[in-house]
2 protein chains.
Amino acid sequence: MAGNQVKTKNPSQKQKSGGGGGGKKKEVKKETGLGLTNKKAENFGEWYSEVVVNSEMIEYYDISGCYILRPWAMSIWESMQAFFDPEIKKLKIKNCYFPLFVSPGVLEKEKEHVEGFAPEVAWVTKSGKTDLDVPIAIRPTSETVMYPYFSKWIRGHRDLPLKLNQWCNVVRWEFSNPTPFIRSREFLWQEGHTAFATKEEADKEVLDILELYRRIYEEYLAIPVIKGKKSELEKFAGGLYTTSVEAFIPNTGRGIQGATSHCLGQNFSKMFDIEFEDENREKAKVWQNSWAYSTRTIGVMVMVHGDDKGLVLPPKVASIQVIVIPVPYKDADTQGILDACSATVNTLVEAGIRAESDLRDNYSPGWKYSHWEMKGVPLRIEIGPKDLANQQVRAVRRDNGAKIDIKSVDSVEEIKKLLGNIQQNLLEVAKQKRDECIQVIHTWDEFVQALGQKKMILAPWCDEEEVEVDVKARTKGETGAAKTLCSPFEQPELPEGTKCFASGKPAKKWSYWGRSY
Amino acid sequence: MAGNQVKTKNPSQKQKSGGGGGGKKKEVKKETGLGLTNKKAENFGEWYSEVVVNSEMIEYYDISGCYILRPWAMSIWESMQAFFDPEIKKLKIKNCYFPLFVSPGVLEKEKEHVEGFAPEVAWVTKSGKTDLDVPIAIRPTSETVMYPYFSKWIRGHRDLPLKLNQWCNVVRWEFSNPTPFIRSREFLWQEGHTAFATKEEADKEVLDILELYRRIYEEYLAIPVIKGKKSELEKFAGGLYTTSVEAFIPNTGRGIQGATSHCLGQNFSKMFDIEFEDENREKAKVWQNSWAYSTRTIGVMVMVHGDDKGLVLPPKVASIQVIVIPVPYKDADTQGILDACSATVNTLVEAGIRAESDLRDNYSPGWKYSHWEMKGVPLRIEIGPKDLANQQVRAVRRDNGAKIDIKSVDSVEEIKKLLGNIQQNLLEVAKQKRDECIQVIHTWDEFVQALGQKKMILAPWCDEEEVEVDVKARTKGETGAAKTLCSPFEQPELPEGTKCFASGKPAKKWSYWGRSY
């Protein structure tokens, strides 16, 4: 961890150090040290840390495992929120805010649940110089914070469904390998908590929400995900079943849980006594769900799309979709070029495209190219003397480097089309790379070999918990044990007589296996 | 505090207890216990607690000083956010997120500042069962969290201005008299933190932001506020000067600081070494501002507009602006009435009005009137057999009880007009009541008398810190000492020779004085 911090702080400082002084020439030279020192294919972990810092998404913080989300990251979070929040409001889910603090008695009420979180809970024991009478926990998630009040608010069937959501921070004081966005001690998320009269309604909502999570990944972040159900071993502590969208990072050969939608069944309603009188005036416990996605989404996006030039942003979540850069030459009409840049930005902004120009006179065009490539802006527009003369602009795609000359009069239409293409292409390329990593296996030998090749393994499985425990034990090594990622909803055919790859017992389903984050 | 909780939990439970069982008749009877047991004019504190609970804005939480913000409160917060966030984005302020936790060394760096907060800081000392090496503080505000990174990010004049904002929770573990919204141990706010090359720019922004705060209060919450400057004694700890919008609660005769916009000067930039190289390549410290408004706004709104029937919501922040209630009679065309209600809601919603109907068949119209009055919905539409026959609806205003018959064909136009009138009337009535409480005084005797009459006192003052200390000491009593609220930007004429009401020295300015929250 400490090593991580040192490594990633250096490039950032280098990038920043020349911001102030020096003549133009000198400064430009200083600033050309913009490139990444690590390559994605060679040294993925270092590359990741360098990208998130150098793109100005993240600043490392002086408390280990905590990170500063700079505006370049926060704007991505906000654009996902701008999609998700209205969508859940359409489902009649309402926002609320429950306290950050939990009293120990409530936290510990659901044993299985609390065991999943207990080692990571941060405790407040003092205010000022005064010891508190009772230590108070900081929420790692809000099931136990909320459900005593569900019990109070829900009396009759007319109080159902109760559908709440909150946007907040949660704290899990993990000690293993903190990574910006992916595993941090404090993170931002939304957590939905709902209660229904029937299991059918709860089941339906689990999938409605999971579909929204799929759309966040595929439509906004341009990342292919697999919808499925978690194994008993991997499901949410205290819940009935867990569904998730699973992404995959080809470079590390690791699956990553993208977001989860849990059916809690009646387990919490029994513990917290959340009861209602039904139409027949009989008492019944409610059926509950909880579901969440977090700032981890942003980390998955960096890992999937980033390259050796830095971040690559899908247009839909980029706070700047188009950066317009003047390319003046000595004898050229500099003012004309600058004016054309401003005019282009105005035209694009009026058409609803998030465009900005970089007219700074102390950086060379080349430096600016690198800078905005590092930050992942989807499309660069260059305007030089030739473009000016020809009443055109040159567009350069961040995703594939393609250069396209566009007539100025067509710029809005063409650039909208290009942004759409980039969004689509990112998803297609990511899907192709992910699909190349998927390997169907039938035997333990094939499993071990595929795992060594960093595959996302689709295998017939007997669905027995002790078998997964056994697979974990047998694959435990330096790079971590293999486990189930999910059992996909889209099941390939499972011919009669197919055996579990691990136990040799009759297979009950196909499951994805692999190492994971 | 504990007493407060007991008092306010009861009415809520009473309201809820009949939600499930019972025949229709019985149920209605049970539920008529909706009214408040306390009156605003007689027992303000109890009235306030009852209103925030019974209107379903607040639920008391099992940790003292923490409150649950239910959807009815959260939606008000969201509507203010929907105004403020785009406004600050127009000013090129960007959202970010800094960690909840602060290390002690950083927290204590600015002595004067930390002294203002130290007794209220909550400390995390354990994770799971493990003691932390060093206790970690929870942010009471983020100056010391952010400014070490300002120091890192700001190098040259081109890095300025740096303008950040975050929407987050903060914790101040106060022990005195917690009150929902007004004084709670955790609350939600936005905090803006900006850095400029010159004092002029900082000064300007302080006022730009203050104007947005005025607009939140006057245009959204319909609460008149006074813009002004805080005294040296009352300014932000560690800052250069503080401006605020000040509201007043006539019932308690207390001023309340609505929101603050601070110029921090160069104090923090000296402590945290936030330096830049200016155009002449000389080192200079930045000028900084910080500014915030919090969920306290909602509490002020409840206190100012609420009445003995419950909450009164200004239409601009009401998540339901119009509630449509069917009023069937025995022999009437019930289905026709219900259909007319639904049609009315559809028409209004299509026109952008936030309308809902309450078609529940287990509550009487009278119960529903009380219920939605308690929740403060600005306009009630009743549709009964006579209305149906006359192709009209009956509108009833929450603010003044006025009843208006509206032709169904004109409903959108008329209701839009009515909502505008209600918004305006709430502000006017509040302003009139506030103005009646303002008293201009010149002498100590007048001051004491006005204070006894719960006035907001405008007095000529010598502007000396020790005089304010002295006034506080001399007025200290059961109901709290008087202090300056602000020195208003709109200064009445101060004739030559006017003396300070407290010290007899030459007066330098007019200031508002009073007791406050």
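Predicted model: local features only at pLDDT ≥ 70, side-chain atom pairs only at ≥ 80, totals over all residues.
A residue is called buried here when its relative accessible area is under 20%.

**Strand β21 of chain A**

Strand β21 of chain A covers residues 456–461, and six of its six residues are buried, so the strand is largely enclosed by the rest of the structure. In a regular strand, side chains alternate between the two faces of the sheet. In β21(A), Met456(A), Leu458(A) and Pro460(A) point one way, while Ile457(A), Ala459(A) and Trp461(A) point the other way. Residues on both sides are buried.

Strands of a sheet pair through backbone hydrogen bonds, in a parallel or an antiparallel sense. β21(A) is joined to strand β20 of chain A and to strand β23 of chain A, as the table shows.

| Partner of β21(A) | Residues | Bridges | Sense | Opposite residues |
|---|---|---|---|---|
| β20(A) | 438–440 | three | parallel | Ile438(A) and Met456(A) |
| β23(A) | 509–516 | five | antiparallel | Tyr512(A) and Leu458(A) |

Ile438(A) of the table stands opposite Met456(A) in β21(A). Between β20(A) and β21(A) the chain passes through helix α15 of chain A, residues 444–452, and this β-α-β crossover is right-handed.

**The two chains**

Two copies of a chain are related by a rotation about an axis and a shift along it.

**A sheet and a core**

An open sheet of six strands includes strands of both chains, in the order β4(A)-β6(A)-β5(A)-β5(B)-β6(B)-β4(B), with antiparallel pairing. Its edge strands are β4 (101–102) of chain A and β4 (101–102) of chain B, each of which pairs on one side only. Two bridges join β4(A) to strand β6 of chain A, residues 130–138, in the antiparallel sense. Val102(A) stands opposite Ala137(A) in β6(A).

The largest nonpolar core has 82 residues, and Phe101(A), Ile138(A), Phe101(B) and Ile138(B) touch the most other members. Leaving aside residues up to four places away in sequence, Phe101(B) touches residues of chain A, including Tyr61(A), Ile63(A), Ile138(A) and Trp173(A). Phe101(B) also touches residues of chain B, among them Val124(B), Ile136(B) and Ile138(B).

How values were computed: Residues numbered from 1 in each chain as written. Chains lettered and ligands numbered in written order. Heavy atoms only, no water. Buried < 20%, exposed > 50% of the residue type's maximum accessible area, 1.4 Å probe, protein only. Helix = DSSP H or I, 4+ residues; strand = E, 2+ residues; numbered from the N terminus. Pairing = 2+ DSSP bridges. Right-handed = clockwise from strand over helix to strand, strands pointing away. Core = buried A, V, L, I, M, F, W, Y, C linked by side-chain atoms within 4.5 Å. Contact = heavy atoms within 4.5 Å.
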